Amino acid sequence: MKIKKHIPNFLTLGNLLCGTLATIFAVQSDFSLAGIFVVIGIFFDFLDGFVARLLKVSGELGKQLDSLADMVTSGVVPGIIMSKLIQDNLISRTNSFDTAVLDISIIGLILTLSACYRLAKFNLDIRQSDSFIGLPTPAMSLFVISLPLIQTHTDIKIVQDLISNNYFLIGVTWFLSYLMNAEIPLFSLKFKEYSFKNNWIKYIFLLTSLILIVTLNFISIPIVILLYVFLSLIKK
């Protein structure tokens, strides 16, 4: 057995392991640790494709493993986090937990279902080899995991009030679910070559994102995701 061809698969399994750990922490409402493991998992998700291309060992097995791992890290985890946020908001207002609270909080799992549908479509869609159609699941996951971190680490009242508002959270759930499966062409951050002429949109996005992250901390994450969609529409 050639070990080289399995190296990307080991990295993909690292993504799955991180997603599984993030799931445990999300259920326990430890959103900080859940967020850390999601970010590490997404890093593995990027790294496995990069290594596969570098070693020229891409294959169908790796493609399927990648989507299965993404389903946990960027599908199950954000759905649980959104459900917990909605649930916590309801409990804080009623000071009790009942069946109605659980029923409403399940709305957050629409993200999980939508992510699953998107990943299945992605595996079959030959148009998405060099770009994306619809928002990638890791971007959606980063958007969602940023919400409890923003709520904890910002003193801006209007932002805290938004995240404490279930109408806002449910709206975000439907909006992200739509973006993942919409027929919207989005550019990929993969570079075939590095000239500014052919990659200007990527360089502008990366530079602007860096500035936003340095200046706005966690608040920058959803802004960067929306900027990504906006620039893609401009490019189109």
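1. S74 is buried, with a relative accessible area of 1%; buried here means under 20% relative accessible area, exposed over 50%, and partly exposed in between, using a 1.4 Å probe and protein chains only. You'll find S74 in helix 3, residues 60-94. Helices are DSSP runs of H or I with at least four residues, strands are runs of E with at least two, and both are numbered from the N terminus. Leaving aside neighbours within four places in sequence, S74 is in contact with I42, A115, T137, P138, M140 and S141, where contact means heavy atoms within 4.5 Å.

2. A quick word on what we're looking at. This is a predicted model, in which local features need pLDDT of at least 70 and side-chain atom pairs count only at pLDDT 80 or more, while totals for chains, interfaces and linings use all residues. Residues are numbered from 1 along each chain as its sequence is written, and side-chain values use heavy atoms, with hydrogens and water left out.

3. Next, helix 5, residues 110-124. Its 15 residues reach 22 Å from first C-alpha to last, close to the 21 Å expected at 1.5 Å a residue; the expected span is 1.5 Å times one less than the number of residues. The buried residues of helix 5 are I110, L111, T112, S114, A115, R118, L119 and N123. A115 also turns up among the contacts of S74.

4. Helix 10 covers residues 220-235, and its 16 residues reach 22 Å, close to the 22 Å expected. Its buried residues are S220, P222, V224, I225, L227, Y228, V229, L231 and S232. What covers them includes strand 1 (131-133), helix 6 (137-153), helix 8 (166-181), strand 2 (185-187) and helix 9 (196-216).

5. Now the pairing of helix 9 and helix 10. They pack at about 160°, with axes 10 Å apart; axes are lines fitted to C-alpha atoms, for helices over the stretch in contact, and angles run from 0 to 180 degrees between N-to-C directions. The two helices are therefore roughly antiparallel, a label for angles over 145 degrees. The contact uses I201, F205, T208, S209, L212, I213 and L216 of helix 9, and S220, I223, V224, L227, Y228, L231 and K235 of helix 10. That makes ten nonpolar, three polar and one charged; Ala, Val, Leu, Ile, Met, Phe, Trp, Tyr, Cys and Pro count as nonpolar, Asp, Glu, Lys and Arg as charged, and the others, Gly among them, as polar.

6. Last, L216, which sits in helix 9. L216 is partly exposed, at 34% relative accessible area. L216 and T154 are 62 residues apart in sequence and 9.6 Å apart in space, C-alpha to C-alpha.

How values were computed:
Angles under 35 degrees count as roughly parallel, over 145 as roughly antiparallel, 65 to 115 as roughly perpendicular and the rest as oblique.
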